[in-house]
Amino acid sequence: MAVDVDSQYNKNNPFLAKLTENRLLNKPGTIKDTRHFVVELDGSDLFYACGDSLAVYPTNRSEEVDALLLALGATGDEATELPRLESQITFREALSNKLSLATPTRKTLIKFAEKASANDDQIRLDELLEDSNKESTAIYLENREHIDLLEEFPSVRFTPQEFVSGLRRLVPRLYSIASSPSQYPNEVHLTVAIVRYQTNNRDRVGVCSTYLADRVPLGESSVPVFVAKSHFGLPEDSSVPIIMVGPGTGIAPFRAFLQERITTGATGKNWLFFGDQHHATDYLYGEEFGAMKEAGQLHRIGLAWSRDQENKIYVQDKMMEAGAEIWDWVNDGAHLYVCGDATRMAKDVDEAIHHIIHKFGAISEDEAEGYVKQMKKEKRYQRDVY
Ligand SMILES: Cc1cc2nc3c(=O)[nH]c(=O)nc-3n(C[C@H](O)[C@H](O)[C@H](O)COP(=O)(O)OP(=O)(O)OC[C@H]3O[C@@H](n4cnc5c(N)ncnc54)[C@H](O)[C@@H]3O)c2cc1C
Ligand SMILES: NC(=O)c1ccc[n+]([C@@H]2O[C@H](COP(=O)([O-])OP(=O)(O)OC[C@H]3O[C@@H](n4cnc5c(N)ncnc54)[C@H](OP(=O)(O)O)[C@@H]3O)[C@@H](O)[C@H]2O)c1
């Protein structure tokens, strides 16, 4: 296990790391774009432990910055001031590196209404801001970025300083580290779903996932990062069995857990549940897990392919099928880990865990609830969901 020491590199002083690998993990025929990134930490004093995340400060796409400058009639060379920044920076730098160009809010609409000079714009903005339209306005905003508003309300004029004052700060994104510090002390591996979608008939991108996928040149020390410590981690006693549930990009920390347990000669048994759309195209790190299984290092694996048949099969279905053995492992002291989608998957998996403990532990639902609570208290049930 890597030594956990305070690094000179942190939120306020990120390390400029090199991206040395950017590889598509899905196979031809997939609709997904999940990448394996390798970020070199050489030259830093950054250490990480299994379960930690890497925080990445992205920059916005230059096309988006140019479109905003054009819509505002600015050159980009104008000086602007931002809170918590000691010196002035140019308008272009503020838009490129410091501010979020997406997610306008109700407050944004109020600012637009104050600045609208055309009647049509004023009427539409007043309508959007009416209390009775709160729900439809929230949907309207979800589908728009700042550039959409500037184009929809052309009479609205902002100075560069007024415009930057209305934007939120661009925050770093976290990625669960997918490599083990014992095997890869000087680099960090990431498993990232690249976010691309359409709203309001425009192509949109996730800022950080596409920054890594499309805009960072390989081999240049240019990616601002720091290590974000986590409570999510392997049991101290390496003979303890572990059950890991990580569909999609939720697999990331479990690749790290397995590498770490193998590299350090841990004797505890390992059980992995993974799922994604199609076996043929979306089995992330399938070759690696196959080799671990073959070598007897990964003792059990449950795979759920949601779109290989008419009805969805998810990781929790595979867990329910193996409920009796899961209960045996848990009853023997296994630690249970869940990583990935918070909104749907983690809730359903949590329900399955409760059900398995109730059914196969032959205890009441209330007792199962208490059992799970106790597991959480003892850090035997940990989740890293987003
Ligand atoms: C502890 C932690 C660990 C994480 N680990 C990982 C990891 O290992 N791998 C990983 O890929 N991610 C991980 N994430 C998520 C990651 O931090 C980012 O949130 C993710 O990459 C998106 O960031 P982005 O900048 O690319 O997108 P953003 O610019 O932040 O855009 C994302 C937003 O776009 C909107 N959006 C996305 N898709 C659609 C759509 N189809 N329709 C409409 N709107 C949409 C949503 O509002 C969404 O919130 C983790 C998060 C946390 C908190
Ligand atoms: N909080 C968030 O905003 C958030 C969190 C995670 C991922 N995402 C986004 O989702 C995209 C892909 O993410 P990902 O690659 O990590 O995979 P994912 O979308 O989480 O999907 C992985 C697998 O989980 C399945 N799944 C869907 N609902 C489930 C549920 N209720 N229980 C169990 N499994 C379920 C999916 O099946 P089907 O798709 O076939 O239903 C798929 O087979 C990315 O664009 C990412 O940004 C967003």
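**Loops, domains and a ligand shell**

Me: Is arginine 84 buried or exposed?
Reply: Exposed, because 6 other C-beta atoms lie within 10 Å of arginine 84. Buried takes 20 or more such atoms within 10 Å, exposed 12 or fewer, and partly exposed falls in between, with C-beta atoms placed from the backbone.

Me: What am I looking at?
Reply: A predicted model, where local features need pLDDT of at least 70, side-chain atom pairs count only at pLDDT 80 or more, and totals for chains, interfaces and linings use all residues. Residues are numbered from 1 along each chain as its sequence is written, while chains are lettered from A and ligands numbered from 1 in the order written.

Me: Where does arginine 84 sit?
Reply: In the loop between strand 4 (79-80) and strand 5 (89-90). Strands (E, at least two residues) and helices (H or I, at least four) are DSSP runs, numbered from the N terminus. Most residues other than glycine have a negative phi.

Me: And what about the phi of asparagine 200?
Reply: Positive too, about 50 degrees. Asparagine 200 is in the loop between strand 8 (196-199) and strand 9 (202-205).

Me: New topic. Which domains give residues to the shell around ligand 2?
Reply: Domain 1 (15-57 + 172-228) and domain 3 (242-385) both do, so ligand 2 lies between them. The bounds come from an automatic or database domain assignment.

Me: How many residues surround ligand 2?
Reply: 23, and the closest are Ala193, Gly248, Thr249, Ser306 and Arg344. A residue counts as near if its C-beta atom, placed from the backbone, lies within 6 Å.
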